[in-house]
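Hi everyone, thanks for having me.

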Amino acid sequence: WRAIRAEREKIRARIAEVFRTPRYTSLLPGSFTALDEALTAEALAGVARAGRALFDLLFQPIDDYLAPVGAPENLVRAAVLEAVRRPGRIDVRCQDDPALPWAFVYDPALDPTVDEEVVRFERFWGFVHELQVEHANTARDPRIAVPFVLKAAACPRVDSARSARQDDRTLHGSAVTSGRLDWIDDAEKLRTALRELDGDGLYVLGHAGSGDSGAPSDRWIQFDGAKVYVSDLLRAPRPARSERQALVFLNACESAAIEEWDECTLPGALLKRHADRITLIGTTAEVPRLLAMAFAKEFWRRFLGGSTTGEALLDTRVCLLREYTNPFGLLYTLHGKADTHLRAPDETTDVGVVAREERVVARPLAASFAEVCTDPRKIEMFVYSAGVPRSLVYVHQSPLKAWESVCDVARRFGRTEALTAVVVEYYPRVFDVVSTRSV
């Protein structure tokens, strides 16, 4: 775990270096135009090295002197490694440290056409998988009510050209056809919106930051020069509990920074204050202003058009990479369910949601990875499909046998492509669920 945290800090430092080193100022042109691929790859070389080291720590087999060939821990790693190399959805369940930069995990095998030492953007997880990071307080239900009431704040110091608010009915050029758009015009209204969250969505385009102390009174998000502090949220009485699910998009620098989360941070305070309601999108580092607006334009067009949050984020990252050679959509991260979406008027509780809730209830908790592997009876795999009426729980004497049975289940139901997830108990200290869409 110490080694994993060390690699996380390396990634954090390398990401900051990209935008702070004068050598790379050419990556920030005056308008949002295509970047130079060679310079951009050079800029991300250090990030890629740290991302690969993190990948190896998590998934590569343990050296023979630590675990012999065929040991349970290596069998589990082999099964999970096979799963995460197939494009799909990765569900990270966090217990005590949700801030690993999953989008920057780097696996050379995802693009084997060129040498491993050559930086290929397509090898970053953020361009391959839908990534969701779930905490104890993130939203439990992926369905957001329609009509969709979206409140938006666009700081005029960030968006002086009013590209986000071209008129009062559209957000970054997209109309909220399934509800209404309410604009926030000053810091006090933004403070109230963060405190109460009385709509179904909240979007903030602005500045965020913190001082050296890291205290709630020294962490803030800013609107037109006025700061809303985390301490403002902590001091206010909690609102009445609401069952309305909400999407919160904090489009500001380091609004979901790579650090340990607690109620002293803005996302941590929001998730605690509005427990079980929020799906949150934030940034892991500083974000150039033009990138922030380009990313938001593509994201809202997709989400308001019917995509899920996971689909919209992945497609937006890929779009900016293909059209502008810009890989920095990796800075945006999702905390909550990747299948969060605007609920259709005739949508009812689907089998997938029920299965996911059953899985969460049934999932055993292991004190450590070693405990799981030394007691094979604790290694369980949960398989659920849209065509299966309830979760199927298989308990086996070895991870290898469990993995083989997953394929058997897929063939049995004739739904290899439709199989929704494979879940493996693995590394509870780091994450305890890895899932993919198909086997």
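Okay, a definition to start: a nonpolar core is a set of buried Ala, Val, Leu, Ile, Met, Phe, Trp, Tyr and Cys residues joined through side-chain atoms within 4.5 Å. Buried means under 20% relative accessible area, exposed over 50%, and partly exposed in between, with a 1.4 Å probe and protein chains only. This is a predicted model, where local features need pLDDT of at least 70, side-chain atom pairs count only at pLDDT 80 or more, and totals for chains, interfaces and linings use all residues. Residues are numbered from 1 along each chain as its sequence is written, and side-chain values use heavy atoms, leaving out hydrogens and water.

So, which residues have the most contacts inside the largest nonpolar core? They're I221, F299, W300 and F303, in a core of 103 residues. Helix α8, residues 289-304, gives the largest share, nine residues. (Helices are DSSP runs of H or I, at least four residues; strands are runs of E, at least two; both are numbered from the N terminus.)

Now the rings. Phe, Tyr and Trp rings (six-membered ring for Trp) pair if their centres lie within 6.5 Å; planes under 30 degrees apart are stacked, over 60 edge-to-face, and the rest tilted. There are 15 aromatic pairs here. Take W102 and W125: their centres are 6.3 Å apart and their planes at 15°, so they're stacked. W102 is buried at 5% relative accessible area, and W125 is buried at 1%.

F249 and F299 are edge-to-face instead, 5.4 Å centre to centre with 80° between planes. That pair links strand β12 (residues 246-251) to helix α8, 50 residues apart.
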